[in-house]
Amino acid sequence: MKQGVKIATIGGGSSYTPELMEGFIKRYEELPIREIWLVDVEEGSEKLRIVREMSQRMWDASPYDVQIYATLNREEALKDADFVTTQFRVGQFDARVKDERIPAYYGMLGQETNGAGGMFKAFRTIPVVLAIVEEMKQLCPNVWLINFANPSGMVTEAVVRYGHWEKVIGLCNVPVMAMMTEPGMLGEAKEDLIYKFAGLNHFHWHKVADAKGNDRTNELIDRLYADDNGLPKNIFDVPFFKEQLKQMQMIPCGYHRYYYREEEMLHHALEEYRTIGTRAQQVKETEAELFELYKDPKLDHKPEQLQKRGGAYYSDAACETIASIYGNKETQIVVSTKNDGAVPDLPADCVVEVTAYVGANGARNVAFGSLPPAERGWLQVMKNMELLTIEAAVTGDYGTALQAFTINPLVRSGETAKRIMDELFIAHEAYLPQFKQMIDRLKEEGIEVKDEVARNLIKVTEEI
C-alpha cells in the first residue's frame, strides 16, 4: 500500500495553482502528500504544462519529495485519490467576458458570481461537477471533495442535493481576508478574536467578539470607515452606509455592495464596460503576465503579482481544510456545508456558508441564530434564487431558468431580462448541452448576441 496523500486538482492549469502548492508545502509536516495530479481540458493544455513545471519547481525547492503530474484524463487523476479539489472555469476566461459584457450591453450588471453572469456560470459548471461526482463514486468512493469552483455555494448545493454526495465542503477566500485584515483594526491578534459567519457564499454577514466574550462588532464597524477594509481586488470599493451597518450590528461581506449599493456598483461596472473593459478583460491581462512569469525556469515560488488576481489567500482555506480533515484538527473555518439548523431562517437540508469546526467527519457548524428582518428577507430570496438556478442547470428547463432570472435582485425582470438570458444561452451554447433543444429554438427565432466583443468570442469558441 502506498504511503502518503494523493490529491487531484480539477482545473489544475489555473494561475491560482502555485498558491495552492505554497499552502501544501507549508503544511507538509501535518499533511504528508505523496503526489498531486493537475487535471485540465484540451483548451487549457499549454497552461497546464506551464503550471505543472512551475509547481514541480516549488516542491523541488522545498525539503519534500512530492511528484506533480499533469493530465487531460480526469479518471487517471481521480483513481484512489484521497482529496479532490475543484477550481475549474468552464469556457475559461472568454466565458466570463461574455457573462459580463452581454448584460452590460443592456445596462445591467454582469459579474462572475452575481446577477445574470453568476447564474450562467452555474448553468455551465454544475453539470460538470456532477459528472465528476459520478466518477468519484467509482474511482475514489472515500474521497473528500473540496470545492472552490464558483459559484461555490451553488456548486456545493448541487453536489449534495443532486449528486447525493455528503463528503463535500465549499470554500471561499472572502472570509479568510476579513479575518486577516480586521484583527489589526481592533488592535488584537487573530487568535484572540471569535468570529461567527452566516449566510450564503458571497452573501454572508459576520460578527466578532474578543476572548472575554465582549462583542466587538460595533467597534469594528467604526474602524471600517477609517482603515483598509480588506476588500478583494475584484470588488469596487464603494463604502456601505454606516447607519445601515449600525442597525444590523453585523458586517456584510464585500459582495453585498452589489445589493446594498447597486446603483453605484452598476454605474462603475458600466463605465468600465465602456472604457477599459470589464473585470474579466482586465484579469485576462493579469493572467497573461502571470503565465509569462511562470515560464521562467528559475522561478520556484509564488510571485507577488498573484495578489492582483482577486482570489488571494484561498490556499489558506483549501489547504487548511484538507489538513484539518486529514489530521482531525477541528480547526475553525468558514465553509459552505449543509445547514443542519445553524441558520434557522433557512431549511436544514440546504447549503449555507457558516463558521464550522472541521475534522475527520467534516464540518460541525457553529449555530448563528436568526438574522434581523431585512437580512432574513434578503437571505431567503437569494437561497431560493440559487435553488431555482441549480434546478435549471440540472434539468435544462427554460421556464425554471426564467424564474431564477425573475427573482434575482440584480436582474430587472421583464422583456430585457429575457433578452439577456436568451443571448447568454446563444453565447454559451458549446457548454450548455442540457439546454440544446431550447437553444436551437432561439437560433431559429433569430436571437443573436449584440455586444461586438462577446459576438467575436463566440466565433473563437466555434473555431475551437
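## Basis

Residues are numbered from 1 along each chain as its sequence is written, and side-chain values use heavy atoms, with hydrogens and water left out. Because the model is predicted, local features need pLDDT of at least 70 and side-chain atom pairs count only at pLDDT 80 or more, while totals for chains, interfaces and linings use all residues.

## Cavities

The whole structure holds three cavities of 30 Å³ or more. A cavity is a set of points, on a 1 Å grid over the protein atoms alone, where a 1.4 Å probe fits but cannot get out; lining residues have an atom within 4 Å of a point. Points are joined across faces, edges and corners, and the volume is the space filled by probe spheres set on them.

The largest cavity has about 130 Å³ of space. Its lining has 16 residues, with T113, M154, N201, M382 and E386 nearest the centre. Two or more lining residues come from each of α5 (115-139), α6 (152-161) and α14 (373-395). Helices (H or I, at least four residues) and strands (E, at least two) are DSSP runs numbered from the N terminus. The lining of the largest cavity comprises seven nonpolar, eight polar and one charged residues. Here Ala, Val, Leu, Ile, Met, Phe, Trp, Tyr, Cys and Pro count as nonpolar, Asp, Glu, Lys and Arg as charged, and the others, Gly among them, as polar.

The second largest cavity has about 40 Å³ of space. Its lining residues include L20, Q87, F148 and A318. At least two lining residues come from each of β4 (83-86), β5 (144-147) and α13 (314-327). Five of the lining residues are nonpolar, four are polar and none is charged.

## Nonpolar cores

A nonpolar core is a set of buried Ala, Val, Leu, Ile, Met, Phe, Trp, Tyr and Cys residues joined through side-chain atoms within 4.5 Å; buried means under 20% relative accessible area, exposed over 50%, and partly exposed in between (1.4 Å probe, protein chains only). The largest core has 108 residues, and V84, F123, M136, F405 and F425 have the most contacts inside it. Helix α5 gives the most to this core, with 12 residues. A second, separate core of 44 residues includes Y16, I68, Y314 and A356.

## Residue D300

D300 lies in the loop between α12 (279-294) and α13. With a relative accessible area of 33%, D300 is partly exposed. Leaving out residues up to four places away in sequence, D300 touches R57, M58 and A61, where contact means heavy atoms within 4.5 Å.

Technical notes. 1 Å grid on protein atoms, 1.4 Å probe; cavity = no way out; pocket = protein on both sides within 12 Å on 5 of 7 lines; lining within 4 Å.
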